[in-house]
Every structure is written in structure tokens, then in C-alpha cells.
Amino acid sequence: MIICEIGLNHLGNLEYSKNYVELLTNSNCDAFTYQIRENDFYKREKYKNYELSFKHYSEMKNLTNKKFGFSLSNHDLLKDCESLNPDFYKILSWELSNYKFIDDILESTNKKIHISTGTSSIKELDEFHKRYGFNSRINFIHTQLSQEPKDTNLKAITFLKDRFPYNIDYGNHCNNKSVILASVAFQPSNIWLYVKGGDFNFRFHPDEFWAINLSNLDLLINDIKAVELSIGDGLKKSTNTKGY
């Protein structure tokens, strides 16, 4: 799947949020997510008006035929999220070792969880694997929380595939969009992209620099699908040797 992360780029504005959902519904993406942070996050002056209601999330889910997920940090809201029957959850990377939270999702829902590994060490990933073993509901997301292409380390997708029994996704935080196309060659199970609208009252989005403008989204998705096709099956085939 190509999963578009609205994240907090709705800026807390209901109409702007609705605009995202309408445009994503008419795009070629497969799914989208909203991010719900912990209570203390919304107490910061910068983010005090960013919290959306579950009434709004319900209305947005009913507007679309796309798959719908939550990137959830507020552990107390799992039941509220489940009341909307999302298709999946994303776990932010600093929650990877929060086994109680992960246990709660695995035990009280039947949903797939995609766990970001952006801030995790190999030791932490090994300890996670030791605890959960193989579980078809768990995906790891390879991402590096850096805008720089040199830090993206796409080869880690292959490393994680070889080391762990989980499907491996790619989550983009790089400001060079060519890296997204390069990730396709490593055949991640899903690709996660932050998206943003146009200028909104001249305000920056929380994920401004690595987000894809919605007006360019389908062009990028078409390129992703073209690269996927170009990979082929790996078998060498004969071609016209006469030069025409």
C-alpha cells in the first residue's frame, strides 16, 4: 500500500482536514492516517489547537473509501479509536519498547500494527523480536528521522528483512523525493508518505519539509508504480539484438 500520513498537517482546522480527505479519496493512494498525540503534547503553546474530535474523525472516515488508520500516542484513547473500526495502527518509534501499549493493541483489537523503527537500536529490535516472535499482524517501518538523503540508509530495509520475520515498510522523512522512488527497489511491503496541502494562512506544517504536496501526489504515485513495474521478476530475457 501507499499510505499517506496527514499526521498533524491538518493544523487543527476542520475544513482543512476535510480538504485533505476529499483530495486523498480522489487520489491513487491506498490509505491515510491521522496522528493522535499524548495529552501533554497539546498543552504546548504551538500545538494547543491541533487536537481533533472523534466526531470529526468519524465524519472523515465516512467520507472515504480508502483504508483509514491512526498513528496513536495517547494510550487512553485506544477504545475511542476502536469505536471507529480503523483498518490499522501506526506506533511511533519511541513507543517500540512500550510493551504494555503494544500488548493492549494486540490483545484488545484484531488490527495490524506498523511500528516505526526510526529511533530504535538493533538491541531494542532484537529484544522486541524475542518478546513477540513471529506475528503476522506486526510490520516494522524502516525510517530515519533525518531530512538528509545520506542518512536514509535504504539498505537497512534488506537488513531488517533478513534479520526479522516481519514485513518491512519504508517511511519517508527525507526532503529529496527521489529517495522515495529509490526505496521501491528494496521492495518494502508498504510506503508511508507525509502529505500537505498548499499554503494555509502562511503557516508551516509540522511535517513541512518531507511532506508531498497533495497537488503532486498522483504524479509521484504514478512514478512509484512505474518503478515497481521496472523491477521485473529478476529473470534475464532475450531482447532484439539487431538494434531496432
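The model described here is a predicted one, and Gln187 is placed by it in the loop between helix H7 (residues 178-184) and strand S8 (residues 191-196). The backbone of Gln187 has a phi near 50 degrees, which is a positive value in a residue other than glycine. Most residues other than glycine have a negative phi. A second case is Asn153, which is likewise not a glycine and has a positive phi of about 55 degrees. Asn153 belongs to the loop between S6 and H6, and with a relative accessible area of 44% this residue is partly exposed.

The loop between strand S6 (138-142) and helix H6 (155-163) also holds Glu148, for which a relative accessible area of 39% was computed, so that Glu148 is partly exposed. Although 25 residues separate Glu148 from His173 in sequence, the C-alpha atoms of the two lie 8.5 Å apart in space. A further pair is formed by Thr119 and Trp94, which are 25 residues apart along the chain and whose C-alpha atoms are separated by 6.4 Å. Thr119 is located in the loop between S5 and H5 and is partly exposed, its relative accessible area being 42%. When neighbours within four places in sequence are left aside, the contacts of Thr119 are with Ser93, Trp94, Glu124 and Leu145.

The C-alpha atoms of Met1 and Ser189 are separated by 7.2 Å, while the two residues are 188 places apart along the chain. Ser189 is also among the residues that Met1 touches once those up to four places away in sequence are not counted, the others being Asp30, Ala31, Lys67, Phe88, Asn190 and Ile191.

Lys90, by contrast, is a buried residue, with a relative accessible area of 5%, and buried here means under 20%. Lys90 lies in strand S4, which runs over residues 88-91. Beyond its neighbours within four places in sequence, Lys90 is in contact with Glu5, Phe70, Ser71, Leu72, His114, Ser116, Ile141, Trp192 and Tyr194.

The packing of two helices was examined next. Helix H4 (residues 99-108) and helix H5 (residues 122-132) have axes that come within 13 Å and cross at roughly 40 degrees. That angle makes H4 oblique to H5, and the crossing in which H4 passes H5 is right-handed. On the side of H4, Tyr99, Ile102, Asp103 and Leu106 take part in the contact, and they meet Glu127, Phe128, Arg131 and Tyr132 of H5. The residues of this contact divide into five nonpolar, no polar and three charged. In an α-helix there are 3.6 residues a turn, so residues three or four places apart point the same way. The buried residues of H4 are Tyr99, Phe101, Ile102, Asp103, Ile105 and Leu106. The elements that cover these buried residues include H5 together with strand S3 (67-72), helix H3 (78-82), S4, strand S5 (112-116) and S6.

Aromatic side chains were then considered, with rings counted as a pair if their centres lie within 6.5 Å. By this rule the model contains 21 aromatic pairs. In one of them, the rings of Phe204 and Phe209 have their centres 5.9 Å apart and their planes at 40 degrees, so the pair is tilted. Phe204 is exposed, at 58% relative accessibility, whereas Phe209, at 47%, counts as partly exposed. Elsewhere, one aromatic cluster is formed by Phe32, Tyr34, Phe54, Tyr57, Phe68 and Phe70, and Phe70 is also one of the residues in contact with Lys90.

Key
Residues numbered from 1 in each chain as written. Predicted model: local features only at pLDDT ≥ 70, side-chain atom pairs only at ≥ 80, totals over all residues. Heavy atoms only, no water. Phe/Tyr/Trp six-rings, centres within 6.5 Å; stacked < 30°, edge-to-face > 60°. Buried < 20%, exposed > 50% of the residue type's maximum accessible area, 1.4 Å probe, protein only. Axes fitted to C-alpha atoms, helices over the stretch in contact; angles between N-to-C directions. Helix = DSSP H or I, 4+ residues; strand = E, 2+ residues; numbered from the N terminus. Parallel < 35°, antiparallel > 145°, perpendicular 65-115°, else oblique. Left-handed = near helix turned anticlockwise from the far one by under 90°. Contact = heavy atoms within 4.5 Å. Nonpolar A, V, L, I, M, F, W, Y, C, P; charged D, E, K, R; others polar.
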